[in-house]
Amino acid sequence: MTNEPIPEMGGFDEASLDKAFAALEQQARADAAAIKGDEDVEAYRLQWLGRKQGRLNDVSSRWLKAAPAEAKKSLGQRFNALKTTVEQLLEQAAGSGPSDAALAAEAIDITLPGTRRLLGAEHPITRTMNEIVSVFAALGYSVGVGPEVETDFYNFESMNFPPGHPARDTQDTLVIANQDRRPLRDRLLLRTHTSPVQMRTMEKQPPPVRIVIPGKVHRNDAQDATHSPIFHQVEGLCVDTNITFSDLKGTLDHAMKALFGSSVKTRFFPSFFPFTEPSADVQISCIFCGGKGCRKCKQSGWIELLGCGMVDPAVFAFAAEKQPAYDPKKISGFAFGMGVERIAMMKYGISEIGSLFAGDMRFLNQFA
Ligand code: DAH
């Protein structure tokens, strides 16, 4: 950009004026030709047309003022012509937009492949939970949910764990802090099982009930290969007139065959849960060795999978406080509860429960 000062005018005759203005015009054109981007355009404008320090302003103050009266008109015409030329040069430079180089730097190659959006997939826990639920949905069960932050009443008392009962100790409960001023039944905790939703369901609707309840539960358990403080269960409840233990056996035998294959056998072992009487643990024939005995089933040929039993009349008595139709003399029912992670781990051959919660894409991709 030209920045040599405007020279003194040698003389004000036509030839001198022509020469002086021609020199200026030549500089203005050279400067305009060197413009590359928006910043240069602005610099050019300031350099030539700036009100205080612009070169044309200098020309005006040095030459026009010094000119003798008879030369003023001729000089003024040349001045105006030069100004018009500079303004046109500026307009052309500004209108020409970014340089080719600038454009090339920003250009998008539309032939490049786009950013691939990964398709989502169900997490193996969700998938297993849905699979279990759909086995029961096909038997006419509806699906329910309940809160993860639960009261002592629903999690324990209404499920026939009286205050202070030792069975509560087996549940390793995580309680919400600062609840001591509330009555015990209203104190909040993280539900340790999905069973409280049995009571919430019965309070809302009279029998018959056939419902499955998938959900997350929490226990103060240290994590190891098969335990996690957060895990999932699917609860089931069936209440009607004349529901018997053989209905329970038939239902769960069918469900296990639907989940693990039709050659799977089931057997029921006596067990204890406060909310069922009698209670049972369900075992299935080992899906790894077919029942012959292997490391997975500790050579027994059987794998323990879920708890179940006939709904205890004490549980119906709590339900009857809100829904009198839950009269244990008139109705009966069964319930069951299974751990989703355990079933997922068996179905998919997962040996560490932690891999289900680690969020490692290399693991999860295998289920996509
Ligand atoms: N709530 C039990 C637990 O978390 C599982 C269970 C066992 C649920 C037997 C039931 C049942 O409904 O009948 O350990």
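The lining of the largest pocket comprises 50 residues, with Glu 304, Leu 305, Leu 306, Gly 339 and Arg 342 nearest its centre. A pocket here is an open set of points on a 1 Å grid over the protein atoms alone, where a 1.4 Å probe fits, with protein on both sides within 12 Å along at least five of seven lines; lining residues have an atom within 4 Å of a point. The model is predicted: local features need pLDDT of at least 70 and side-chain atom pairs pLDDT 80 or more, while totals for chains, interfaces and linings use all residues. Residues are numbered from 1 along each chain as its sequence is written, and side-chain values use heavy atoms, without hydrogens and water.

Among the contributors to this lining, β8 (302–311) gives the most, with eight residues. Strands are DSSP runs of E, at least two residues long, numbered from the N terminus.

The ligand sits in the largest pocket, meaning that more than half of its atoms lie within 2 Å of the pocket's grid points. β5, β8 and β9 each give two or more residues to the shell around the ligand. Of the 15 residues there, His 193, Ser 195, Arg 219, Gln 233 and Glu 235 come nearest; a residue counts if one of its heavy atoms lies within 4 Å of the ligand.

The side chain of Glu 235 has an N or O atom 2.6 Å from a ligand oxygen, and for the side chain of Gln 198 the corresponding distance is 3.1 Å. From Phe 336, a backbone N or O atom lies 3.2 Å from an oxygen atom of the ligand.

Notes. Helix = DSSP H or I, 4+ residues; strand = E, 2+ residues; numbered from the N terminus. Polar contact = N/O pair within 3.5 Å; in protein donor to acceptor, adjacent residues only side chain to side chain.
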